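User: Hi! Could you walk me through this model with a few questions and answers?

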Amino acid sequence: MADYKELASTLIDLIGGKQNITNAWHCVTRLRFNLVDDDKVRIDDIKQTKGVMGAQFSGEQFQIIIGNDVESVFEEVDKQLGHLLGGEGERSEKKGIISGLMDVISGIFTPALPALIGTGLLKGVIALLEAFNWIQVDGSAYQILIMISDCAFYFLPFILAVSSARKFKTNEYLALCIAGVLMYPTMMEGFEAVSAGQAAQDLSLFGVLPIPYLNYSSSVIPIILATYLLKFVYDFVKKWMPKTISIMFTPMVTLLIVIPITLVVLGPIGTYIGQGLAVGVTWLFDHIGFLAAAFIGAFYPILVMTGMHWAMSPIMINNFSQYGFDNSMMPAMLAATFAIAGATFGVFFKTKNENMKQISLSSGISAVVGVTEPAMYGVTLKLKKPFYAAMIGGGIAGAFINLTNVASFGMAMPGLTAIPGYIDSTNGSNIIFAIIASLLAFVVAFVVAWVLGFEEETADTKEERNKTGNQLSIEAPVAGKIQPIETVSDVTFAEQIMGYTVAIIPDSDQITSPIAGEVVMIAETKHAIGLRSNDGLEILLHLGIDTVELKGDGFTPKVQTGDQIKVGDLLMDMDVAAIKEAGYDPVVLTIVTNSNDYLKILPVYKEDDIASGAELSVAVN
């Protein structure tokens with residue numbers, strides 16, 4: 001992807017601008033947003049933007065699937081949003097309890113994934129080193145690796161304190177103080193003593209309310225509940241505390257309220273809920289495990305699409321904390337991942353479409369290592385039948401992996417890199433069955449995808465479908481000189497990634513409409529205007545290179561979003577001289593953003609010098 005800055009700017013505009021975004025973060029392949037008003041999102045335009053693999057609403061989130069470049073795109077989004085950790089806007093509507101809960105879980109665990117996946121993967125590597133006697137278990141190197149691999153899970157309350165505070169929009173450092181009390185040596189040593197049957201000093205609040213010694217290491221629910229309470233208590237205390245002493249006393253009073261309630265009520269409740277979930281899931285898998293695992297293996301892609309897979313994270317972490325392994329969720333997810341990869345490679349070997357062959361190969365490789373979204377959104381869902389093949393392969397392998405009682409000993413992204421986490425020093429067959437199940441999922445999905453086949457659009461079928469002989473004219477939006485598109489300094493435009501593009505070096509400050517239709521978007525920074533013709537032609541006028549950084553200086557809009565316009569109507573006054581003086585290229589770019597909807601788009605200008613309103617291009621459908 002050539003220009004992350006331009007893509008980020010375009011996406012923010014299409015989402016409804018900065019003022020419509022209250023929170024932004026990302027996972028492995030997706031940008032995730034909390035919005036004020038969902039209706040302001042131009043989701044169809046976002047889906048058509050080059051560099052975007054898909055977009056959807058999931059619960060209270062708006063998600064844009066980017067793929068492997070998501071981190072780079074998010075860096076630019078974050079910069080342009082001003083390192084947004086949550087705004088003050090309120091949503092225009094409230095959604096259901098379930099969707100809200102999924103949004104909360106996702107928002108808390110997504111930022112923590114790098115730490116959990118990195119240390120979880122290292123656990124698998126350590127198991128591999130032990131199995132082959134490549135490391136001395138009584139040596140210092142082994143102890144250091146164990147400390148690194150355990151740190152994120154042992155001190156998980158600290159990690160979740162930060163991400164929870166950001167999600168709930170409260171003070172991160174006070175949340176860390178709460179986690180510190182939960183993990184304080186007095187609490188941890190008391191728990192160890194009680195567990196060993198030894199005496200420990202009783203803890204109580206005011207000598208009346210007992211505080212139990214509990215092991216909060218690797219716990220999930222207690223710190224989330226405590227941070228949620230922190231938000232309301234902190235806001236309440238800060239509201240009535242006199243401003244002159246607020247900075248000193250508001251944090252103290254807040255902690256004196258929240259921490260005792262956490263130790264007496266929320267901590268124990270959260271601990272017992274977590275333990276109950278782990279026991280319940282274990283019971284379910286012990287009694288009808290092959291059906292449960294088959295369900296997860298088959299429907300895991302749908303769980304990912306809806307965000308419901310985040311509900312599994314607390315359960316898996318509790319399983320690892322309580323039992324030291326997970327023989328339910330992680331193995332079934334491993335089967336589902338290899339099934340998605342198998343179906344995608346089935347498409348690769350069967351398709352005749354060169355573009356789909358390239359997409360399926362790259363996304364198939366990503367799926368093998370655990371990043372499934374490119375394969376799901378770019379291949380299997382798009383072609384439909386391979387998606388069903390992935391569900392069939394995942395379901396069969398999920399049942400097999402449970403019947404063979406496969407367990408994972410490290411929390412890692414399901415895929416090839418997670419395999420070492422299935423090494424069990426006491427049961428050599430564990431990893432063998434994990435590998436067999438992975439191959440079974442891959443092969444079954446591959447074969448089913450091949451047998452079922454799929455309908456794909458070829459150039460010939462597209463031409464037959466679209467050939468109507470109509471020509472839609474696009475006029476020059478400004479007088480000037482045609483610049484060869486390949487010489488434009490911005491690679492995104494030079495390679496016409498966003499669609500067919502014509503560049504004009506302007507001789508005039510007046511930008512006029514190249515089509516008759518509607519103004520559908522004016523960038524907050526006024527450097528871009530989106531138009532839609534009455535015939536469905538979608539045009540983006542991009543005024544200058546990197547002029548988004550001018551923050552509107554030099555641009556004076558003459559229309560508003562929603563205005564009906566005719567060819568030649570004045571859209572914008574652009575101070576070309578001021579833009580040049582500021583050090584920016586004022587080239588005017590006319591981009592047909594829905595180019596793929598047309599058989600061809602052809603240039604029709606006769607000379608490099610062109611007048612405003614002269615015929616520039618025609619779109620043929």
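Analyst: Happy to! Let us start with a term: a salt bridge is a side-chain nitrogen of Lys or Arg within 4 Å of a carboxyl oxygen of Asp or Glu. This is a predicted model, where local features need pLDDT of at least 70, side-chain atom pairs count only at pLDDT 80 or more, and totals for chains, interfaces and linings use all residues. Residues are numbered from 1 along each chain as its sequence is written, and side-chain values use heavy atoms, with hydrogens and water left out.

User: How far apart are the closest N and O atoms of arginine 532 and aspartate 45?

Analyst: The structure holds 9 salt bridges. One of them links arginine 532 to aspartate 45, and the closest N and O atoms of this pair are separated by 3.8 Å.

User: Is aspartate 45 buried or exposed?

Analyst: Buried means under 20% relative accessible area, exposed over 50%, and partly exposed in between (1.4 Å probe, protein chains only). Arginine 532 is partly exposed at 29%. Aspartate 45 has a relative accessible area of 10%, so this residue counts as buried.

User: Which residue forms a salt bridge with glutamate 172?

Analyst: Glutamate 172 is buried, at 18% relative accessibility. The N to O distance in its salt bridge is 3.0 Å, and the partner is arginine 166.

User: How many bridges join β12 to β13?

Analyst: Two strands pair if DSSP finds at least two bridges between them. In strand β13 (residues 538–545), 8 of its 8 residues are buried. Leucine 531 stands opposite isoleucine 539 in β13. The strands β12 and β13 run antiparallel, and the number of bridges joining them is 5.

User: Which residue takes a positive phi in the hairpin of β12 and β13?

Analyst: This hairpin has 4 residues between the strands. The positive phi is near 95 degrees and belongs to glycine 536.

User: Which residue in β17 stands opposite isoleucine 539?

Analyst: β13 also pairs with strand β17 (residues 585–592), in the antiparallel sense and over 6 bridges. There, the residue opposite isoleucine 539 is valine 592.

User: Which helix gives the largest share of the nonpolar patch?

Analyst: Patches are made of residues with over 30% relative accessible area and no salt bridge, with like charges joined within 9 Å and nonpolar side chains (Val, Leu, Ile, Met, Phe, Trp, Tyr) within 5 Å. Accessible areas come from the Shrake-Rupley method with a 1.4 Å probe. Trp283, Leu284, Ile288, Phe290, Leu291 and Leu403 together have about 600 Å² of accessible area in this surface patch. The largest share, 5 residues, comes from helix α11.

Technical notes
Helices (H or I, at least four residues) and strands (E, at least two) are DSSP runs, numbered from the N terminus.
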